[in-house]
Amino acid sequence: MLVELSLILSFLWFLLTAFEVMTSKRKKKSPPGPCGLPFFGSFFDIDLKNIHLDFLKWKERYGDIVSFKMNGKNFLVLNNIDIIRKAFESDEIGALMSDRPLNFIGENIFFGYKDVLLRRYDDEFMKMKKLMIRSMKLHDYNSDKFQQLMSEELSHILSKFQKTEGKPTEPMDILVPSFCNIIGMLFTGRRCQDEDRLLKVLVDFDRDGDTMIQPQVHAVYKLFPWIRHFPGYYGGLYRNVIRGRTELHNLVQDMKSKYDKTEVQNFIHELLGEHQDFAEDPDKGWLTDEHVLGMIMDLINTSVLTTKAVMAGALFLLSHFPKIQEKIREEITNIVGSRSPTTEDMASMPYTEACMMEILRYQSHLPLTAPHANLSQEVELEGYTIPKGTVIFGNLFACHHDETVYPDPWEFKPDRFLEEGKLVGADHPAVRNFIGFGVGRRRCVGQQMARIRMFLYTTCLLQKFKIEIPKDTSLPSHDPRALLSESPVILPPPMQYCFVEC
Ligand code: HEM
């Protein structure tokens with residue numbers, strides 16, 4: 001009797017276990033993707049520098065939502081705009097999918113994630129992002145002072161291009177310090193001269209920060225964090241970044257010592273004002289000097305790196321398409337004439353704006369969103385279970401080259417953003433499906449600033465110069481799949497151009 005009972009119980013246990021395994025398997029379906037090796041997963045199958053190209057191949061093979069493993073971690077790639085919106089923007093799961101994965105830079109450079117870009121999605125992040133957006137709006141392109149400084153900066157770089165007398169020139173040598181100067185203007189409300197110490201600090205911090213965030217470099221710090229204490233490449237880079245951070249800290253302390261509540265004139269003053277107000281109320285004292293510094297460091301790296309990629313891409317494409325260059329110049333002549341272009345001209349120059357949109361779409365300078373993560377819990381998406389702690393990428397490169405949305409996606413055609421000579425509206429599919437600045441809670445804070453810079457730099461240059469290729473130089477292909485990525489951005493190969501006065 002006892003034997004029979006134990007047999008029945010064992011059988012029941014077996015049935016229950018089998019049922020649980022079957023139903024949990026049904027419930028926990030993983031998105032398709034490459035299997036890879038045990039533990040290492042797909043580590044040896046992908047090129048970290050050009051990961052977006054591997055993701056593009058996987059899209060063809062596995063579809064709109066792809067999962068893979070690497071070094072024991074789960075990864076997810078979203079290749080379709082509607083799925084990206086659902087994941088990052090929806091009320092149901094948007095907040096859960098808007099964390100950032102834990103990373104070396106946030107931990108060690110940003111004082112334990114006291115910044116916007118690298119922090120997980122929590123209350124402190126929301127307060128910081130709101131403050132960052134508000135402070136940028138008050139002291140950036142809307143203010144007369146900024147417009148004045150910007151126009152001085154543009155005249156300055158034009159005179160530098162003029163001095164090249166049409167000889168082969170590497171434009172980024174002139175443009176990158178200028179982009180650094182502009183972000184410096186936002187911080188301090190003044191324009192640096194070429195020999196200014198602050199300009200050098202910004203240029204160095206941008207260069208070293210850009211190197212450190214490259215996935216292949218960051219992966220080494222993440223796997224071997226102690227490497228930062230040793231001599232050699234990684235230790236040297238780390239010490240350079242910390243040196244830059246100390247210089248920026250000194251700048252904040254200097255501005256703090258001279259801060260006058262009645263004369264708030266720039267981004268740093270704005271944050272310091274908030275800092276003081278919070279300090280007076282002990283319940284709100286979350287904003288520290290480290291947060292102020294974190295936001296400054298965020299803006300240097302996010303703004304200069306992207307602007308560099310966008311302008312390098314724009315010059316490269318314009319030199320490939322001299323007729324398009326000519327059409328933009330024609331619009332400049334008709335609308336702007338001989339005065340300097342301003343932000344107000346953007347609305348009256350649809351062809352130029354269509355070219356800017358197409359440059360952003362075609363090259364997709366940031367091919368992937370910054371990595372998202374669901375740090376707090378597992379999430380259901382499109383019938384799949386996404387395990388807690390998955391690293392998630394929106395594949396902007398794939399979305400912007402989806403032929404169901406953009407016919408002939410690998411052709412550069414500014415006209416796709418025009419209808420009867422006018423720029424298409426926000427609800428046109430070409431615009432609606434453009435998500436180069438991300439969507440949802442982690443959306444870029446610098447979209448308007450980036451668009452304005454791109455317009456002003458391009459029109460100012462084209463008003464004065466024809467951009468040509470030096471004689472006996474051949475242009476490499478402009479197909480964005482052929483451009484090498486200097487991860488996380490896509491850049492054309494370093495090129496010299498001749499800036500020939502019109
Ligand atoms: C054409 C130039 C630019 C492009 C294509 C671009 C694109 C993006 C993208 C795709 C993201 C990530 C979205 C996500 O993770 O889902 C992002 C985030 C961000 N961008 Fe930009 N960006 C540009 C310029 C700028 C500029 C000029 C600034 C600042 C002045 C800026 C500041 C930021 C910041 C702070 C974040 C982090 C937002 C967050 O984590 O919540 N970006 N940007």
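What is the mean pLDDT of the chain? The mean is 91, and 93% of the residues reach 70 or more; pLDDT is the predictor's confidence in each residue, from 0 to 100. This is a predicted model, so to speak of local features takes a pLDDT of at least 70 and side-chain atom pairs count only at 80 or more, while totals for chains, interfaces and linings use all residues. Residues are numbered from 1 along each chain as its sequence is written.

**Confidence**
- Residues 14–26 keep a pLDDT under 50, and the model gives them 0 contacts beyond four places in sequence (a contact means C-beta atoms, placed from the backbone, within 7 Å).
- Where pLDDT is low, the predicted coordinates should not be read in detail.

**Around the ligand**
- There are 25 residues around the ligand, and T302, G438, C444, G446 and A450 come nearest (a residue is near if its C-beta atom, placed from the backbone, lies within 6 Å of the molecule).
- Two elements, α12 (289–320) and α17 (447–464), each give two or more residues to this shell.
- The largest share, 7 residues, comes from α12. Helices (H or I, at least four residues) and strands (E, at least two) are DSSP runs, numbered from the N terminus.
- The shell divides into 11 nonpolar, 10 polar and 4 charged residues. Here Ala, Val, Leu, Ile, Met, Phe, Trp, Tyr, Cys and Pro count as nonpolar, Asp, Glu, Lys and Arg as charged, and the others, Gly among them, as polar.

**Helix α10**
- The 25 residues of α10 (233–257) should span 36 Å at 1.5 Å a residue, and the end C-alpha atoms are 36 Å apart, which agrees. The expected span is 1.5 Å times one less than the number of residues.
- Buried residues in α10 include Y238, R245 and L248 (buried means 20 or more other C-beta atoms within 10 Å, exposed 12 or fewer, partly exposed in between, with C-beta atoms placed from the backbone).

**Strand β9**
- β9 pairs with β12 (498–501) in the antiparallel sense over 4 bridges (pairing takes at least two DSSP bridges), and E468 stands opposite C498.

- Most residues other than glycine have a negative phi.
- E165, not a glycine, has a positive phi of about 50°; E165 sits in the loop between α6 (144–163) and α7 (171–188).
- D472, also not a glycine, has a positive phi of about 65° and lies in the loop between β9 and β10 (485–486).

Terms used:
Contact = placed C-beta atoms within 7 Å.
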